[in-house]
Amino acid sequence: MACFKRGKFALTVLILQIVFIVLFGVFADYSDSANAKVRKNSLDPSKGGADPGANEVADIYPMFQDVHVMMFVGFGFLMTFLKRYGYSSVGFNLLITALVIQWASLMGGFLDMEGGKMHFNIITLLTSDFTAAAVLISFGAVLGKTSPLQLVIMAVCEVVLSKVNEWIGVTQFKAVDMGGSMFVHVFGAYFGIVVARVLYTRDIQEAEQKEGSVYHSDIFSMIGTLFLWIYWPSFNAALAPGDDQHRAVINTYYALAACTVTAFAVSSLLDEENRFNMVSIVSNMVSVANNMVHIQNSTLAGGVAVGTLADMMIYPWGALVVGFIAGTVSVFGYKYLTPALARVKFHDTCGVNNLHGMPGLIAGIGGIVAASLATEDNYGYSLYQIFQARAPELNSTKYLEVIQDLHIEAGDGRSAQAQAAWQAAALGTTLGMAIVGGLLVGLLLRLPFLNQPREDQVLDDTDYWEMPEEGFPGSASVEICTVDFDKLKGSAITTKI
Amino acid sequence: MACFKRGKFALTVLILQIVFIVLFGVFADYSDSANAKVRKNSLDPSKGGADPGANEVADIYPMFQDVHVMMFVGFGFLMTFLKRYGYSSVGFNLLITALVIQWASLMGGFLDMEGGKMHFNIITLLTSDFTAAAVLISFGAVLGKTSPLQLVIMAVCEVVLSKVNEWIGVTQFKAVDMGGSMFVHVFGAYFGIVVARVLYTRDIQEAEQKEGSVYHSDIFSMIGTLFLWIYWPSFNAALAPGDDQHRAVINTYYALAACTVTAFAVSSLLDEENRFNMVSIVSNMVSVANNMVHIQNSTLAGGVAVGTLADMMIYPWGALVVGFIAGTVSVFGYKYLTPALARVKFHDTCGVNNLHGMPGLIAGIGGIVAASLATEDNYGYSLYQIFQARAPELNSTKYLEVIQDLHIEAGDGRSAQAQAAWQAAALGTTLGMAIVGGLLVGLLLRLPFLNQPREDQVLDDTDYWEMPEEGFPGSASVEICTVDFDKLKGSAITTKI
Amino acid sequence: MACFKRGKFALTVLILQIVFIVLFGVFADYSDSANAKVRKNSLDPSKGGADPGANEVADIYPMFQDVHVMMFVGFGFLMTFLKRYGYSSVGFNLLITALVIQWASLMGGFLDMEGGKMHFNIITLLTSDFTAAAVLISFGAVLGKTSPLQLVIMAVCEVVLSKVNEWIGVTQFKAVDMGGSMFVHVFGAYFGIVVARVLYTRDIQEAEQKEGSVYHSDIFSMIGTLFLWIYWPSFNAALAPGDDQHRAVINTYYALAACTVTAFAVSSLLDEENRFNMVSIVSNMVSVANNMVHIQNSTLAGGVAVGTLADMMIYPWGALVVGFIAGTVSVFGYKYLTPALARVKFHDTCGVNNLHGMPGLIAGIGGIVAASLATEDNYGYSLYQIFQARAPELNSTKYLEVIQDLHIEAGDGRSAQAQAAWQAAALGTTLGMAIVGGLLVGLLLRLPFLNQPREDQVLDDTDYWEMPEEGFPGSASVEICTVDFDKLKGSAITTKI
């Protein structure tokens, strides 16, 4: 059966792509460091030209590529655990990301135009990938429960909301969030959860038996887990300079290590037979959630929970503590909270609340605390570079003192308490934007012509992809062999499979 | 059954390896920046020594490693989609690449000797990987239809032809092709397609039912797709300096994004049920091709199509347009052209014409156009660094003017039109070398003692690898269940499996 | 059945994690280049501050991340080849590594404290990953034959022994081993093999039929193989400076290439049907080993065998020779030595003797030879930077001569012969520590409350993980098809599949 009227999806997407081309044509230019005709790039360094070896692409590129792997392989494969939704998981992940990175480049550009032109560079690519992360987290919450068309509409809307929320938090509130725990993880998680709630129908409830995994689909999923785990320090550190970047790498590395060890311990502790949990033994929708993937997901919570704090002076032991808390909260969440929420129709396919939502809140709250404790004693003058709003005001005595040692831009002379308050404001705004935005976008997605999947289409590739002859692994032989042999007695039968 | 006489393959390969050792022993030395005894490396930088932190390995290494991943994981896994040829795909990919990178280092060295010695460095490793790409593309065209011995012979011959073709294009014609779209993709694709045509037999036609995929083999294949997709900017940018590299990264990123979105739309549009195409539902050889893997392959065409143009001033919108065209052409190619070609015995297992051939031609033609439009207005003096032959002639007035700002080597003072013509010449030569070379090598490979696979060996691991007890996935249950039920009549049987 | 008493594992691991937090709290600080409050980091470079762009994290990070991928994806997936132990392989690999990197950071810190504080930086993270490699190699030898609790205890003990051994070799003996072939590979392999021998029981022998692979589990394993292969140059070169690093990359690249080509040839030569070996056709424990995975493992032996030599002046041809020998020895080892050893109860699940043990010994011996041949003629003054103990003694005439050109620390004025002798001492000590250590730790692990797996738990995920409904791939169809054929009596059925 056709899952949507011929061409509706294709038309929407082609129109979007053409709109992107037009908008790029009107607005997008290379930034100076990528523009051959900028005179600096055509001169010898000794004559004031840009040094080719010191082009900013070289500084950022390795970490950018790590983040890029996280988006496509990390998120894409993490979601392949479903036994009948593997093509869609990894395929739609690719589609959505390819669409979002173009649209996020434009939206980011609109919020930061100079002379009517956007100037694209490696930072544009990196931040567009970050915005894609928010959308992919939401995708995890609605996974298997939307049509491709709904996904595309959701992504287009979410990019706008996410970029505006980030702009409010960073530019207006001057809140800091180096690893994007608030602006990416909290936003993406709660936006997606609310959308999933609005879209929840009886059809989804009925598709319960498809929510499980098979042995090899879980191993595919571990590819995603591991690449996310490995490259998370790059996610948290890519935009930080110098010692901040170094610190962000160290903190994230140890937070993840502690989180992983803790998640294994707690996962085993909560199972009555002390087994670890990687897969879901499906019996009903609620118990599915109950048995959801601790090891695939909770091991990563430390990376989220340390995100806002990554470049702060939390010391290696602080990173371990954050990881310890995140691993514990995340496993408890999968075990008890997700099934409880599912009972009130908050169905969260990948459990993004446990991997991104709650750990993101931990990060946000940790950020508030850390900001309130940050002093020149702990940070030296670096304080004013990390918390830019805390830099002294222009022409204040303090400002004149500081700039003798370090060239910084003047700030607002904020106190630690004020910075903490603005951190809280950013967290609150993010939650609010995510929830209200999710509600509105969810309602929009219920429009009938967006083809919400029917029961047989939920968590199922069949109607969206040309399938191989053998069908799904495991299930093929099941259907084939469970013939009622009693009925066959005395009859001549030809079975064709 | 033994697939080739005992030791024939082993002997050939061992002899090759020993020849490589001897040739390395006679000719290969470290380049200065990798040689401990070069005096510069034993002196303090302040005394004219080489700065360890600025060694060229540091500049190139991250992008080199990305390309390295593309060769082994990217190409290797992209080809695992076949249900009965997974070991061979990923295994022979490893073998061939390991062989080719040694031989390509030598061939590259022969074409660029100094004082009877080759000087190997990180660039040698990178360009040897590029040559491997050409061979692996050809491998995609003949996949499943050659013996390991034929593959090895093909690889050895192709390296020579490919390196000579590149030398003609780059050194003699001074054509530019930053992403290797002509010298790697066009060459590899058409060489492979012609070899496959020459090797085509009735046996291959009969093996049709093995050409399909199973659910998990397609997901394995997506590992390859994604790593190729992610790291393609490194492929196109690794050898470019400064702002050129920055631009090549940006252009490739956007070309791939647009190509992917377009490929999804067109794939859905061309299916009568609007499904996406990842797998092949096999009924006959022609229709297989008909249903071949759009998402696994066409999403990548943008990277090829932007290759020659990657470091040029095509602007972000230009990159999107290139991606848009490539995605469209590639999906149409898989849908209509591949089956049409198969009918005239051009059997192209992976459809490399659609992923590398036609997108490579788009790149080559795009390069001609872009070269004809390149002016000092668009590029500044960078024009003479990107199109080296366009640099003014030695001691011309123009040359004296330019070197006041930028130290460049004198060129031929070529006009834009002349450069465009030489680009066209390089493209034509590449096509010619690929087709004629493919023809000759194909004929060579038909020599009987090279053990072309028989019908039962086509697209089948069985004769080439020790197999696990359970056999191929999916097929195990099939074989198990095909019990002769007639024999069971009247008997009490316990089947234990 | 519960595999261990409720909570015993969880408690042990939680206590360890809390101990780590406390020890980190007491001892661990950031190194200067990661510490915001170090005044240098708060000053403009022009006023003596640290240049953010030149932070050491930037130099090391790309290669660190490559090594990080090797630990988690490389080792983790390499071990997924077992058909019923995939979750444990990749899951416990993650657990053990996350635990070890914390503990190794502490142990490394204890051996190198300044003023009662450890100073963590990117080098700490990298060397902790190296220590994890040793533990993961041992894990390969005992794979499937220990409980999670035994694994954790083994890891904790091995880290101490491994760090002490490395400290003796590097700091006391001043032996060089750039790629860690002795301190990581030889140590990890023989420690693990001895532990496996001590733990060997009849139960393990009985579990023979589970030791095989299935088709897709072997392809999963190739993910590990390839990422190890690709990133091995980073493993061998990460800690080397300048031209040494460049040389280490080149040498490792060519050693791996030659090793791979040779392994394919020898694997085919040793099979009576000239097939390649990727999988194990299981009939009994000994023959399993007999058919073990050449291509997945032996292709990597070149990286180990060139490790100690990586930064030495062995020239590209020398690297090829090392690879050639390693590939040959490794395949012969899998074919003949492993089954022979298994007969005397040295059961080595992954065959780490062939991938890490013997190639590590080759590297160690190669290092002795290369050290004995190293002269100022071959290395220039770099000799004193590579073999630090060979640097002239303080205030010797030679020292005064050298420091006019190159600032080096004074050494012991060792001769080439003396350096070779100390290399041999380090190799011998490593072997001794590994064997004695493995013996003691093995005995410790036999304590009954550590829950050594019973027969049904050997090489089996079932008791350690919540399993998916369908069970293991392949087995699903088995259970389903055991229909009671008695019921069919008297009926004529034609089944076509």
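In which hand does α2(A) pass α3(A), left or right? I looked this up before anything else, keeping in mind that I am working with a predicted model. The crossing of α2(A) with α3(A) is right-handed.

**Entry: α2 and α3 of chain A**

I noted that α2(A) covers residues 56-78 and α3(A) residues 86-110. Their axes come within 8 Å and cross at roughly 150°. From α2(A), I listed Met71(A), Phe72(A), Phe75(A), Gly76(A) and Phe77(A) as the residues that meet α3(A). On the α3(A) side I wrote down Ser89(A), Val90(A), Asn93(A), Leu94(A) and Thr97(A). Sorting the residues of this contact gave me six nonpolar, four polar and no charged.

Next I went to α13(A), residues 315-343, and α1(C), residues 8-27. I found that their axes come within 7 Å and cross at roughly 155°. An angle over 145 degrees counts as roughly antiparallel, so that is the label for α13(A) and α1(C). The crossing of this pair is left-handed.

Who meets whom here? Chain A brings Pro316(A), Trp317(A), Leu320(A), Val321(A) and Phe324(A) from α13(A). They meet Leu14(C), Gln17(C), Ile18(C), Phe20(C), Ile21(C), Phe24(C) and Gly25(C) of α1(C). I sorted the residues of this contact into ten nonpolar, two polar and no charged.

**Entry: Ala28(A)**

I then looked at Ala28(A), which sits in strand β1 (residues 28-30) of chain A. Its relative accessibility is 3%, so Ala28(A) counts as buried. Setting aside neighbours within four places in sequence, I found Ala28(A) in contact with Leu23(A), Met118(A), Phe120(A) and, from chain B, Pro316(B). I also checked Ala28(A) against Phe110(A): they are 82 residues apart in sequence, with 10.0 Å between their C-alpha atoms.

**Entry: α5 and α18 of chain B**

How far apart are the axes of α5(B) and α18(B) where they pack? I noted 10 Å, at an angle of about 160°. Here α5(B) is residues 148-172 and α18(B) is residues 416-445. The angle therefore makes α5(B) roughly antiparallel to α18(B), and the crossing is right-handed.

From α5(B) I have Gln150(B), Ile153(B), Met154(B), Cys157(B), Leu161(B), Val164(B), Asn165(B), Ile168(B) and Gly169(B). They meet Ala426(B), Thr429(B), Thr430(B), Met433(B), Gly437(B), Val441(B), Leu444(B) and Leu445(B) of α18(B). The residues of this contact divide into eleven nonpolar, six polar and no charged.

Ile60(B) belongs to helix α2 (residues 56-78) of chain B. At 12% relative accessibility, under the 20% cut-off, Ile60(B) is therefore buried.

Gln245(B) belongs to helix α9 (residues 242-270) of chain B. Is Gln245(B) buried or exposed? I have Gln245(B) down as buried, with a relative accessible area of 13%.

**Entry: Thr308(C)**

I found Thr308(C) in the loop between α12 (301-305) and α13 (315-343) of chain C. With 0% relative accessibility, Thr308(C) counts as buried. Which side chain does Thr308(C) join in a polar contact? I noted Asp177(C), at 2.8 Å. Apart from residues up to four places away in sequence, Thr308(C) touches a list of residues including Val176(C), Met178(C), Ser181(C), Ala363(C) and Gln423(C).

**Entry: two positive phi values in chain B**

Lys345(B) has a phi near 70°, a positive value in a residue other than glycine. I placed Lys345(B) in the loop between α13 (315-343) and α14 (352-373), partly exposed at 42% relative accessible area.

Asn395(B) is not a glycine, yet has a positive phi of about 70°. I placed Asn395(B) in the loop between α16 (383-386) and α17 (397-405), and it is exposed at 59%.

Technical notes:
Residues numbered from 1 in each chain as written. Chains lettered and ligands numbered in written order. Predicted model: local features only at pLDDT ≥ 70, side-chain atom pairs only at ≥ 80, totals over all residues. Heavy atoms only, no water. Axes fitted to C-alpha atoms, helices over the stretch in contact; angles between N-to-C directions. Helix = DSSP H or I, 4+ residues; strand = E, 2+ residues; numbered from the N terminus. Parallel < 35°, antiparallel > 145°, perpendicular 65-115°, else oblique. Left-handed = near helix turned anticlockwise from the far one by under 90°. Contact = heavy atoms within 4.5 Å. Nonpolar A, V, L, I, M, F, W, Y, C, P; charged D, E, K, R; others polar. Buried < 20%, exposed > 50% of the residue type's maximum accessible area, 1.4 Å probe, protein only. Polar contact = N/O pair within 3.5 Å; in protein donor to acceptor, adjacent residues only side chain to side chain.
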